[in-house]
Each structure stands twice: as structure tokens, then as C-alpha cells.
Amino acid sequence: MPPKKVNRGAHRLNASRSATIDESIASLMVGVDPYSNVPTFTPMPHSSGNHAGSLASTVQKGTNTVPSMNRLPTIKIPPLSQVTPAQAEEEFCHYCCDLVRRPYRHECVDCGAIVCEQAKPRNSGCLLHKSLGDSTSAFICPLCYQRKKGVQLPYVFVGYGLRKQVKMLWPLCVINVSLDSTKDMYIGQTVRINMESHYDAAKSRMLTASVLMRKGAHVAEAKKLTPAANFLERSVEDGMPANTFVILDTHSDELTGHLQHCGGINNPMHTTVGELLTSYLGQPLLGCMSRCSKAAKENNTVKFKLSGAKPWCEITTKSRGGRRGLFMVTCGPAIRQPFHFDEVRKLVCQDTFDFVIGCGGAGTLPTTVASVVRGFLSQCALYGPSDIWAAMCDMLTSNNELLDHTTLVMVYAVEVNGERRVDSRQIAKHSLPYRPFGHEFRACGTSGCQPKSYDFTARTRKNAVHLLCSKCGWRSAKIRFDASNEYFTQLSHDKAPLLFWHHFPPSPALQNIFVSRGKSVLTPVVQQLMGAASGGETGKDERAGKRRRGSSGGIGDEDTMDMN
């Protein structure tokens, strides 16, 4: 087919196809290895040349002082702070994130954005090759032109629009803790390979380590993390506190929820998650993690653009560094047992971790969980979302195959008016006929009936769902599943209408939502059996018996300990 003709200024308005054009949308920035040789070129006549003012204007509102720890055995780690975010931004296009160099790099004189041009026809680039001509006028990016209604672009824009978040290669430390009997360490290996591909341009900013759990080896394994502790300390000294993520891959006890650390299949030995991490990670590493978090929170540096306005999104040390996360990948729902869930919550309440993620079901095979672990770790490490919960919702909107097998429980801390608060939520997928709203219900409206979760069958009609108890024949009232209600909230009504979240552990009122919601009846067959058992009724009493409703036999506080 002949090539499609592109008219000059064809994308005058609504140029973005991947995101809505808005002033608050961020560019995409990637850090540059300070030891890489980047050649320089002569700027084009219409380019403003020096980009140091776009984000280089920095106002220091406070000092970041962190007490130094005892010096550990050192490893060779190049300095991390030689390349500032402004210098890193200069080398990458804000629209497509490709590496761009002069003379194909153009800087907007209004906002300081960098836009790339095709080096040759039909090559990669946001601006059509030589569509700018020999113009010597100042360059203005498409976003700034869109603010001027009725003005066409003087060049051809063939890009896909702005990115919503800023990508930065912030220092990263990933630690994989697994049983020594684990054969392939699938999750740890795939996470390492995935992150190494991102940090290929700045390998000195990433460190990975593995810890193998076996009997009597916790002291020796903790000493192996000395390079990781030294890496975290060095990042604090360089003013870029590293993010640390721990992946815990082991088994859990069926009754207590405790995690296995040795013993094999025949004689397993279990302990709580807090004791396990303290023994195998060691206090020096946990102390360095705490200092990284403190250094990031106390850093009050504020950055501005060339025009004096704030950048598109947060790129400061406080919003990007010092994050600590724990991924619990356990064979069995270790987070559903009440006692062990309290131990998990303590890790966040005591400020050991900023968030903990675990599975609430039994389907936690490595191949099933690995995609979510890789995706969310990349989201937190590279894009630095200020809201962890919103980042998890955005990721599951497009990658929710895990929720076909299990649920996801997230315990995280948020800052509200300077106060640290801990919240826990469970995300599940609406799946019929046994998991309406992604939850397993056990509350029956018939007095004396104590069914199991598998005794209920969910049926739908016209975007509404009701429960049918196979043990007594009770049928509940209908509840719409295409919208949120007082207990279940949709993650996204348009993009993921079948994903719901609720507070964890679930309350008795949530378990009784079908019992307490409106009218509920008994099936005709059950009504006849109940009438025969009572000796039959005649006349008015018989008609009243047919209209009799089952009394509420909901679940009380003592029945919610399983946290289903």
C-alpha cells in the first residue's frame, strides 16, 4: 500500500492517543549512568540549547542530616548523585522516553519539555523528519500549542502523547528470601532479570541479593547481606536514599499461618514473619533500611521548572526514595489467620516496612504470582508513585489474572495531616457461582442453619446477584454487582468492573450483607417440608405459614476469625 500522507498540523488538538493531554501529566525521565560516555552535538539554530534551567532551579527548605552507622566492609559502588534529575531528563524525550541527542533534540521555550525528531524518514521519533524545516524561530512543544486554541502546529507531530508518570532509575535493592530446598527460585530470578533490563543504563544503581533459609544458617546468611547494607548506606550519603524490596518465598502452616524456615516436608519448623525477617536479614540491614526511609522523609528539597512552576509530578527525594516493601509469596493463606495477621500488621505499624502484600487464598504458585510481583515492584521502583494504593489499583486494572485464583491483601501506611496511619484492604474478583464480589459468604437467613462457603450458589439476573443455600433452600435478596455498595468498592467502573476491594479483615456486617439487605424467601419445596414437619396448617394459619420469612441467622463477631 502507498504510504499514508500526513498533513502539516494534522494533530492540532487531542494529539495524545495514550493519555489525556493535561498540564499535570508528567514526562518520562530515565537516569543516566554517571560513567557512561555520552557524546555531545551542536544544537540546532532554533533550539534553546541549554536545558539546565528546566528542573535545575532548586530551593533547599531544610537540611537532611542522618547519623552515620558503623562502617561495614566496603564494596566498590560508584557515586550515585553525579547525575541530577534535571541532567537525566535532558537526554530523554518527554513524549516517547527514547534517548535523544542533538541535533534531533528540541526544547520548548515555554515549559522546557524535550521532544525528539526522526533522524531519517520512517524512523522512530515524535516529530516528522525535517518537518521543522530551516526555521530559526523558538521551538514550542505540542502541549503548549494546544493551549493556544485555533493555532495549528507548524510541524508534523507523529507521537502518541505524554506519559503520565516520570521514570527515574533511583537506587534499588532487591532481596529474595526463600527456602534452601527451593529448586529454581523462579520469582527471585524473574524479578532480577526484569529489573536488570530496566537498569541496564545505570547498573551501579541496583543491587540484588539472595538469602537461603535452612537450619542454623540465619547468622551466616545475614552476614552475606553486608554489601546490601553498605549499598544502602552509600545511597544515603549521596543524597539518593535507595528503595528496598524484600520477596519472601516460603510455605505457611495450615492452622497457625506461621512461615516455614527449615525442616523440609516431613518435619517443618515454623515461626512468625517478624522473627524470621529479623533473624535472616539482620539488624544492620534493617537499620540501614530505616535510615534510608528517614533520610527521604527529612529531605525538604523542592524543584521548579524553568518558568518557576512546579514540575509535572513529584521527582523529589521525599517522594522517590526510602521506600520499603515486603512481598509475602507463601503456599497457603498465611495472612488470613488472625494471630499471624497481627504479626504482619506490626511490621507496618512499627515502621519496619511501608507496605506488605500477601495472598488471601491457596492459589499462590510462583508462575501465578510472579507477574504481579514484577509489575508492582517495577511500578514502585521506577515511577515512584506517591499513593501506593492507587498504584496497586492501576496495575491490577490491566493485569488481574492472579485474582482468578486467589485474593490480594495489602497492608500499607499513609500520611494524613502529618500523622502515620495503617490501613489493610483486600482485592478480589467477582466470580460466579461461588464468589460474588470476590468474597466467600457463610451467612444464611434461616435460623439454625450453619452452612459452609461451598453450600452457597450465586445466581444473577439483570446485573443483580442473590445467594441460594443448598443446605436449607434459603434464597437471599438481590444486590447489584455492577456498582459499588456500602461494603464493596469497584476498582474501576469502566476498566475493571468485576474487581472489588473491601477492608480487611471483613466485618460481621459485611458477612451479613445478603441477610440484612431487603426481602428474603424460602423456596416452595422447603416451605412444604417445613409445613409437613409441623403437622400442617389449615385456612388462614396455612396462608400465614406460606408467607413466613426465615429469621435472620447471621454471623456474629465470634464467626469472623477465619477472615474469608
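This is a predicted model: local features need pLDDT of at least 70, side-chain atom pairs count only at pLDDT 80 or more; totals for chains, interfaces and linings use all residues.

1. Residues are numbered from 1 along each chain as its sequence is written, and side-chain values use heavy atoms, with hydrogens and water left out.

2. The structure contains 16 salt bridges (a side-chain nitrogen of Lys or Arg within 4 Å of a carboxyl oxygen of Asp or Glu). Lys297, Arg324, Asp351, Asp354 and Arg420 are joined in a network of such bridges.

3. Aspartate 404 and lysine 429 form a salt bridge at 2.9 Å, N to O. Because aspartate 404 sits in the loop between α11 (388–398) and β12 (408–416), and lysine 429 in strand β13 (residues 419–429), the pair ties together parts that are 25 residues apart in sequence (strands are DSSP runs of E, at least two residues, and helices runs of H or I, at least four, numbered from the N terminus).

4. Aspartate 404 is partly exposed at 44% relative accessible area, whereas lysine 429 is buried at 17% (buried means under 20%, exposed over 50%, partly exposed in between, with a 1.4 Å probe and protein chains only). Arginine 425 and aspartate 423, whose closest N and O atoms are 3.0 Å apart in a salt bridge, are buried at 14% and 18% respectively.

5. Arginine 214 bridges to glutamate 221 at 3.3 Å, N to O; arginine 214 is partly exposed at 33%, and glutamate 221 is buried at 1%.
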